[in-house]
Structures are given as C-alpha cells and as structure tokens.
Amino acid sequence: MCRDCLKEVSPDRGNVCLEKGSYILNYSGCTKCNKLGLTDEKDRVEEESDDGEETVTYTHTCKECGHVIAEHSYSFSVDEEYQEYMMTCDLCGIGEATVKILP
C-alpha cells in the first residue's frame, strides 16, 4: 500500500460502495514511475460464506509499472429485511449502505 500515491487516505464516501473499479479522483499518480495513468485490479478474490455474505477483495496497482497502491475490500449481506453493503480501501474510501428490502 502506498499512501503517497493518494490525495487523501480512506476518504469518507458516505453510502458509496464499489464492488469493482476505483475512485480515480483520489489517485494523485504513481510515486514509483511518476505516471498519472489508470489503475489495475490484481489478485481479485470473490468469496461467499455459509450465511450468504459475499466478500470481494483485490489490489489496486499502477497500470504502468505494477506498483501497489491500495488493498480494496467490499462486502454484501442480507440481514432479515435489509441489504448491507460495506467498502474499505485507502484509494476508494470507506462507505456503508443499508437498503430496506421490503416496503
């Protein structure tokens, strides 16, 4: 993880939770190769637990040189009447959302 590549570490994203992609506006460029390009997702792992919780983790890297920028974690679960989403990532930020399923 490289905090120097970020404009802000773990910004508050409110209820925004990304399962894929990146918050490119928070990327200040790669400090290893000095390029301001796109990021890649590496080592993506998708898991589902016995209770139905889905977890997605991957590493944000510089598309030019492979430098590790941040570790991304996303989870989704259903708890009785609600769907719950959570995201933690130094690049994309911290977000949580709870959505009622039934009217």
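**Core, sheet and rings**

Tutor: In this predicted model, the largest nonpolar core has 17 residues, and Y27, I69 and L91 have the most contacts inside it. Strands β2 (54–62), β3 and β4 each supply at least two residues of this core, and β3 gives the most, with 4 residues.

Student: What does I69 touch, leaving out residues up to four places away in sequence?

Tutor: The contacts of I69 include M1, C2, C5 and L6, and also Y27, T39, H60, T61 and C62.

Student: Why are β1 and β5 said to stand at the edges?

Tutor: Five strands form an open sheet in the order β1-β2-β3-β4-β5, with antiparallel pairing. β1 (39–48) and β5 (93–100) each have a single partner strand, so one side of each is left without a neighbour in the sheet. From one strand to the next, the twist averages 10°.

Student: How do you know that β3 and β4 pair?

Tutor: Pairing requires at least two bridges, and 8 bridges join β3 (residues 68–79) to β4 (residues 82–89). Therefore the two strands count as paired. One of the bridge partners in β4 is M86, which goes with S75.

Student: Why is the pair of F76 and Y85 called tilted?

Tutor: A search of the whole structure finds 1 aromatic pair. The ring centres of F76 and Y85 are 5.0 Å apart, and the planes are at 45°. Stacked needs under 30 degrees and edge-to-face over 60, so this pair is tilted.

Student: What makes F76 buried?

Tutor: The relative accessible area of F76 is 13%. Buried means under 20%, so F76 is buried.

Methods:
Residues numbered from 1 in each chain as written. Predicted model: local features only at pLDDT ≥ 70, side-chain atom pairs only at ≥ 80, totals over all residues. Heavy atoms only, no water. Axes fitted to C-alpha atoms, helices over the stretch in contact; angles between N-to-C directions. Phe/Tyr/Trp six-rings, centres within 6.5 Å; stacked < 30°, edge-to-face > 60°. Buried < 20%, exposed > 50% of the residue type's maximum accessible area, 1.4 Å probe, protein only. Core = buried A, V, L, I, M, F, W, Y, C linked by side-chain atoms within 4.5 Å. Contact = heavy atoms within 4.5 Å.
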